[in-house]
Amino acid sequence: MKRRDFVKVLAAAVSLPFLAQVKNKGFEAVEVKGEDPYKMTWNGIRTFGLKNLASKGDLVLVKPNIGWDRTPEQAADTNPFIVKAIVEASYQAGAKKVIVFDNPCNVAKRTYLHSEIAMAAKKAGAEVIFLRDNHLITEKLKGEFLKEWKVYRQALEVDRIIDVPIVKHHSLARATIAMKNLMGIIGGRRGYLHRRIDTAIVDLAQFFRPSLVVVDAYRILKAHGPQGGNLSDVALKKKLFITKNIVAADYWGAKLLGLNESQMAWVTEGEKRGLGRRRVKTLKI
Amino acid sequence: MKYRFLRWARVVSQIFFFGLFLYLFLRTGFFGSDRVTPLISIFFRSDLYSISIVGIAARTLTVFSLFFLVLLLLSLTLGRVFCGWICPMGALLSFFSWLFKTKKRRYKEPSFKYKYVILIFFFVAALFSLPIGTVFDPIAILFRVVTFVIHPEGNLALLYSSKAIPSLENYTMTEPHLFYGAVTAGIIFLTVLLLNLIEERLWCRYLCPYGALLSIISSKNILKLRIDEEKCTSCGICDAVCPASATPFNGWKAGECYQCFRCHTECPEDAIYTELSIKAKKNEKGIDIKRREALLTIGATLIAMPLLKKEKKVLRPPGAVEDFTSRCIRCSECMKGCPTGVLQPMSLASGLENYGTPRLATELSYCEYECTLCQSLCPSGAIGKFTPETKRMGVARVDRSVCLPFAYGEECIVCEEHCPVPSKAIKLIEIEGLTPEGEKRKILAPVVREELCTGCGICENKCPQSPKAIKIYPLED
């Protein structure tokens, strides 16, 4: 190869991400690999386009998984640094206010603290809300399985929902990623949903329509999910996936967990009901 | 002048300790750490009465702490200052006497013997490993009513008011829980409070067993009340105003006196003074119970004891020691602090010896796996040392006639999902389920691995079935 050709190739290689960023048409998702979850998130968001997080004056709900009284190393809850970066980026994109909450399975005070999410989100300027029973209102979800259900009113008042799940094993749904993470904004007897879990979580995705999904696969929980506890069940993947397409997000996460196509009924159902295609053009950075 | 200052200093001290009591109450709970300072339950750790009772009942010295010794020395030397200067219940009763202007009765020689009868009864019961006397500890009575009634009700009131003033919601509990036993705690407290209407601090004078114990301990104190007989006109005002009926004029009862300095300041002739001395005056009176009465009480208690005992297996807090009912001082610290509200007081129906002790109410809530808060709240060591890994409160059992996969062939793994044991005490097995329509399905169903189960009860709590298809049962021996 001549020097001139080499320079050309190099220039093309370097400018490609920039071109992609300007157009933002060539891909539907960004897969980020890196060492530092905070930086990875920022890189991913910049590549995907900051404007996809919020419009000016928006009230944004950033919904991480804060379900369990576990530490970030145990990979039962979303990585706090990713939440922090998303909250900051939302403000930079013009959000008026960012709120963060979850309806956890353990005591909220403990999960918020030990997952380190509350602190990280507050530092970034978000309002961290403790949900109370009097916030629940019965809402017509018009789903196939969930006709109506008790929903936290804060989730209905926001302009956008940014879904920030972590990739985890789940013994019934096989995996809990973006769609199942939405179970944290409803109340009531959530155990009932397990009778038809795949349909139920697609119902939720269809109703709430998160405007952006950021899948945390920095650490993933391979077994004994969704709450884990053993560090030996945690795998360090150092990856992140950003998309608007919740089906693609779940598919990507499920693949990362090593599920085969027949083990992801909820992805198939989501695809069938028009929530998006599972395979999308992905930019890897 | 000096005595007027001391009289007001006492009021300030009462307000201070009542405030301290409320502050420590509000700080009893999870505020970011699973270990809290022992100071949080200092009123109970220094409780001469309850701690002595469980010390006897459990035949152990480990319950006694430094705080206990400090209060013991204070009472031995200065008299019954705890009742007059420190006791938050005493402060509250003083306040109510002042509020309702309880009539000061004309002086009449009162009998204090009932509180000694009560005290002897409870100490003999403690010898039989029944520390039921701790139920009537005045601090526990107050702590119980605040925990079970006032705090939850106040929370509800705040929540209700937050409809009008939204910012109030930030002061409500994030996970409020209600308590069984609010009614009995309320009745006991109200009785003590309303007795006050008959006579000023009636409870403290005639009934309080803690007070009785302090009377005995402090009857030889060195802070002696004296009357300057040259100034005294024998008007008897001092006897009439004394809130303890310690009769300064008619033979001072050193053990009854709260050291409140009311008689010093009310005396029109300023004839009353206090001096440091170990010598008792001739007309000073001792403890107000005769030997025969004391012996009778002991005898009656001995006869009554077998009727009280009733053995029953119940779910206890994590780390509960073997002789839990003997060790527990029924103070409700653990129940106040428990972040899930799973620790609930046992009712009178479960036997007098169990009344007021905490149990694990898995039908209401569950024990948080990582939480170890209650062990540092417990002032008597009834809740011993434990870690999340060594918790073993009971064991879960599945009722297959109710469980969705077993009984109806329906998908459900809620118990397994919530099981906090890292390698899961609930295992899923694949079974051939049968739906009500007769259709056969391969589905997952739960089985309990008893050797891993901590008995935390989150499975029972989150089970979507009613009645619950998985429940916690006490461990067998």
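**Figure 1. R278(A) and its salt-bridge partner.** In this predicted model, R278(A) is tucked away: its relative accessible area is 11%, so it falls under the 20% cut-off and is buried. Its side chain meets that of E271(A) in a salt bridge, with N and O 3.0 Å apart. E271(A) itself is partly exposed, at 28% relative accessibility.

**Figure 2. A salt bridge between two strands of chain A.** Here E31(A) pairs with K239(A), and their closest N and O atoms are 3.8 Å apart. The two partners come from distant parts of the chain, 208 residues apart: E31(A) sits in strand β1 (residues 29–33) and K239(A) in strand β11 (residues 234–243). E31(A) has a relative accessibility of 9%, so it counts as buried. Over all chains, the count of salt bridges comes to 29.

**Figure 3. A buried salt bridge in chain B.** E256(B) and K115(B) meet through their side chains, with 2.7 Å from N to O. This pair also links distant parts of its chain: K115(B) is in helix α7 (residues 113–127), while E256(B) is in the loop between α12 and α13, 141 residues away. Both E256(B) and K115(B) are buried.

**Figure 4. Q259(B), a residue with a positive phi.** Staying in chain B, look at the loop between α12 (237–241) and α13 (262–266), where Q259(B) lies. Its phi is near 60°, a positive value in a residue other than glycine. That's worth a look because most residues other than glycine have a negative phi. Is Q259(B) buried or exposed? With 4% relative accessibility, Q259(B) counts as buried.

**Figure 5. E116(A), a positive phi in chain A.** E116(A) has a phi near 65°, again a positive value in a residue that isn't glycine. You'll find E116(A) in the loop between α4 and α5 (117–123) of chain A. With a relative accessible area of 39%, E116(A) is partly exposed.

**Figure 6. Where chain A meets chain B.** The contact takes 34 residues from chain A and 37 from chain B. Together the two chains bury about 2900 Å², and carbon and sulfur atoms give 48% of that. On the chain A side, R110(A), R132(A) and R195(A) lose the most area to chain B, together 24% of what that side buries. R195(A) also forms a salt bridge with E410(B), with the closest N and O atoms 3.7 Å apart. Between the two chains there are 4 salt bridges, and 22 residue pairs are in polar contact. Helix α4 (residues 108–114) gives the largest share of chain A's side, 5 residues. Sorted by class, that side has 10 nonpolar, 15 polar and 9 charged residues.

**Figure 7. Inside the largest nonpolar core.** This core has 96 residues, and V62(A) and W266(A) touch the most other members. Helix α9 (residues 246–256) of chain A supplies the largest share, 8 residues. What does V62(A) touch, leaving aside its neighbours within four places in sequence? Its contacts include V83(A), I86(A), V87(A), F101(A) and I162(A). Apart from this core lies another, of 82 residues, among them F21(B), L24(B), A57(B) and L92(B).

**Figure 8. F406(B) and what surrounds it.** F406(B) is found in helix α18 (residues 404–408) of chain B. Not counting residues up to four places away in sequence, F406(B) touches V398(B), R400(B), I431(B), A445(B) and P446(B). E432(B) is 26 residues from F406(B) in sequence and 8.7 Å away in space, C-alpha to C-alpha.

Figure 9. T362(B) belongs to the loop between β4 (358–360) and α17 (373–377), and at 4% relative accessible area T362(B) is buried. Its contacts beyond four places in sequence include L315(B), V342(B), E460(B) and N461(B). In another loop, between α20 (458–462) and β8 (470–473), comes P467(B). A cis peptide bond joins S466(B) to P467(B), with omega about 0°. Most peptide bonds are trans.

Terms used
Residues numbered from 1 in each chain as written. Chains lettered and ligands numbered in written order. Predicted model: local features only at pLDDT ≥ 70, side-chain atom pairs only at ≥ 80, totals over all residues. Heavy atoms only, no water. Contact = heavy atoms within 4.5 Å. Buried area = accessible area lost by both parts, 1.4 Å probe. Polar contact = N/O pair within 3.5 Å; in protein donor to acceptor, adjacent residues only side chain to side chain. Helix = DSSP H or I, 4+ residues; strand = E, 2+ residues; numbered from the N terminus. Nonpolar A, V, L, I, M, F, W, Y, C, P; charged D, E, K, R; others polar. Core = buried A, V, L, I, M, F, W, Y, C linked by side-chain atoms within 4.5 Å. Buried < 20%, exposed > 50% of the residue type's maximum accessible area, 1.4 Å probe, protein only.
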